[in-house]
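Dear colleague,

Please find the structure below. My notes on it follow.

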Amino acid sequence: MAATTSSVDAESNIGKNLNLSRGVGFGSRLNFDIEKLVSLGWKLNERENSSGGRKRKMVTFIDPSGKRFKTGKDVERHMKEINLWDNVKWENNDDKDDLRNESSEEENANEFGANLDDTDVEHDFSSDSSIHDDDDYTLAEESFNAGDPISNEEITICDGFFVGTASSIISLVADFNKYFCCPTNDKLCKGKLVLVATNKKCRGGSMKFVFRCNGCWKEEICYRSSQLALKSRRQLVSLALSLAFFVSGHGYASYRKTLGRGLGLDVLSEKPFLEVIKYAFPFIKAILDEICDAAKQQMKDISSDVLGSWSRAVTTCDGCWQIRGYFSQNCTFIIKNYLTGGLLYYGHLSMRGADKICDEELWQGTAKAAEGHLAQVLWSKAKDEDLKVEVNWQDADSSSALGFRYSFPNELESRVMLCGGHVGRAHGKKLQELQSKSTVTTQFIALHKEQFPNIQSVKCCCAGKKHRFVSKKDKPACGCIGPGFIQSAKRNHYCALVQADNDPEKYRATMLTLGKYHSRDIHSWEGGLCSFHPLVKCSCKKCDVDLNGFCPEMKCSGEAYHSAHVLKCDFHGLLYEIECANRAKDAEKVIDPNLGKGHSNLPESSFSVLTKFRAKDINLHQTHYQASTNLGLLQSCMTWCYKVKGPEYHWILELYSRMGLPIIDGIQEMCQHDNKKRMKMLERKRSAEGKTKRIKTKIDRTEDQKLRKKYTAKCQIQHSYGGGDDDGDDDIDEELAKAMTENAIKEGNAPQVVLPKGVVGTPSGAKIFIGGQKCKWCGSTTHVRKSHKDCPHNCKKQKA
């Protein structure tokens, strides 16, 4: 014990010497002046701490808002955050040294300094360094956040919304009763305010409280958590909540489920909720119309001889339906500026709606005809406004093309160009149709025999037998059009679009070369060669390759280029050549001399936004459909609005302002933050790294699908949806796969199946049936009853 005691005394003497060298006493190790801190309204609270077996006096710093800090470092950090550090820090080191010398002469110098520096803190406190365990202190109730301004004068705040509880109002009145004096009988009444009535019925989420004096029962104070909205006789809270759900893409079902079932609020019924939509619809339409007018004016401000102006417009258009299928009862058609993305015209057609609700007539035609009708109406409106279209990009929809030609009949002045993506998709679908053909019709022969006379005599090499698209060890591929070749052909078509640049003739020559030579693995011939790929490619995979696959400086010997999928079948090779020739005829409609290849991605991207504002599983009525669709169109224009109107603009702020709702700072800040975040995301996707990442994702997805197909092929039972495209890589059809599986199970050669945990395997000796019903008497799959003529257990057959 003596040794232990002496060691403790030695350590304490070392600590005292260190304290004397640094200066001891309250505030001796602080980087700020205590007097200056107190002059700003701060307080010092002294308390005792008995941790470690001894009593120590601790000091807590309290700011004007009531927030407490344990250490001087916490105070310093806080003052720097609120930009008041310069007002309390030491002006020079001499002042601090004087305080240290004065403090060292006092008898109680060591009583308060133990918790003023982070190194001397003996408590395990939270990350915000504020006290939460005091009995007389609650941070959430008695203080503001760090940095919140506190004023001794009356302030005004912007109107806004907050979420609270009814008990908080009762608690507020209870605190108010401490200072309340009833004015009745010259303030002789000693009563206090008590709650006498509440009402939340038909208020859409707001409440009403009535308080009266319990002494005289005359004086009354009425508190309403909502007022009437400007330009409307609706409650502000009710209107804001309903509108917030609607502009977020949610209907009445989500509104009732979230606020009613989730929070227990007295929500509106369905009819008043739909009346809010009808009330907001004119404001929504007005904002969208102004955006269209601004996009038109932007084109009119450009010189008339410049491509993209009002006199030389470049547009793109497309239509969409609310739900898929011919039974869709709502349709939308839009026209956009191809160069800027600005929305120029839009229109809707609906088949549902009551006369007392709808302001427009309902569409009496079919869903397919609705797109062509809207195209005709909108292009007629554009013609009336003296719009002169030079190029219009669209898909291969003949209906909308007819609507365009109705107003712009001159094909030389107003050209209809086809989207390259839709052309490539149609090219792939046509090849899928040719894949299953082993003969062609007489009409097909009559149509192409002049240009391709061999079509009359050529025959498929697989006529009368199944195709073998994948080569085996002892069986080569048949060489007909298969799934692998179709994928390669679609990639080749896209490469032809890219390499053509602004030259339609180059696109035509590439397509003809692909059909006649490249598909047959012929890359050089008398009078020409494949110019879109090198004849000799790198074999070491270390040479530098450009975007087109050519090696400017090949370091290795190289190897001859060969097509990945070769058409050895003369019949399918000729069919592919005919298809490429047909695509080459439309070269002037696919490649523009000024713009190159085009697309209809702008309308398609707008339609993808609409799904976030209206559901695709229910046909809405006319007013509801038009209002929700217009909201989606407003959101789809935000990229254009960001560039033209600035990052501060958002259609939600505009809508709230026009409907008389308060513009809350939180909404404005969040909208601006979302705008900037969205534009940064678009810039990342448009960058070279973003494109590389998307390509890598597609490649990884394809490789993953191949591995999953191999795993499925090893299963004991071959599961299939029946001849889908996912089984196209195998040369075994579904029936043959079932037969092979059944034989493997009977012979005992089927691979073992790894059963999940908890799944019991097939008992030994049990029969496994692949599918369908069987006769329980003989086991045949041709019939299910004993009375069938082929069943050996048929009684009538045995008698005969």
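**Sheet, helix pair and confidence**

Three strands form an open sheet in the order β4-β5-β6, with antiparallel pairing (two strands pair if DSSP finds at least two bridges between them; strands are DSSP runs of E, at least two residues, and helices of H or I, at least four, numbered from the N terminus). β4 (193-199) and β6 (220-224) are the edge strands, each pairing on one side only. From one strand to the next the twist averages 20°. β4 and β5 (residues 208-213) run antiparallel and are joined by six bridges; Asn199 stands opposite Lys208 in β5. Helix α7 (residues 166-176) lies across β4, β5 and β6, at about 25° to β5.

This is a predicted model: local features need pLDDT of at least 70 and side-chain atom pairs 80 or more, while totals for chains, interfaces and linings use all residues. Residues are numbered from 1 along each chain as its sequence is written, and side-chain values use heavy atoms, without hydrogens and water.

The axes of helix α9 (residues 236-247) and helix α11 (residues 270-300) come within 10 Å and cross at roughly 70° (axes are lines fitted to C-alpha atoms, for helices over the stretch in contact; angles run from 0 to 180 degrees between N-to-C directions). The two helices are therefore roughly perpendicular (65 to 115 degrees). Leu239, Ser242, Leu243 and Phe246 in α9 meet residues of α11 including Phe273, Ile277 and Ile284 (contact means heavy atoms within 4.5 Å).

The protein chain averages a pLDDT of 78 (the predictor's confidence in each residue, from 0 to 100). Over residues 723-738 pLDDT stays under 50.

Regards

Note on methods: Angles under 35 degrees count as roughly parallel, over 145 as roughly antiparallel, 65 to 115 as roughly perpendicular and the rest as oblique.
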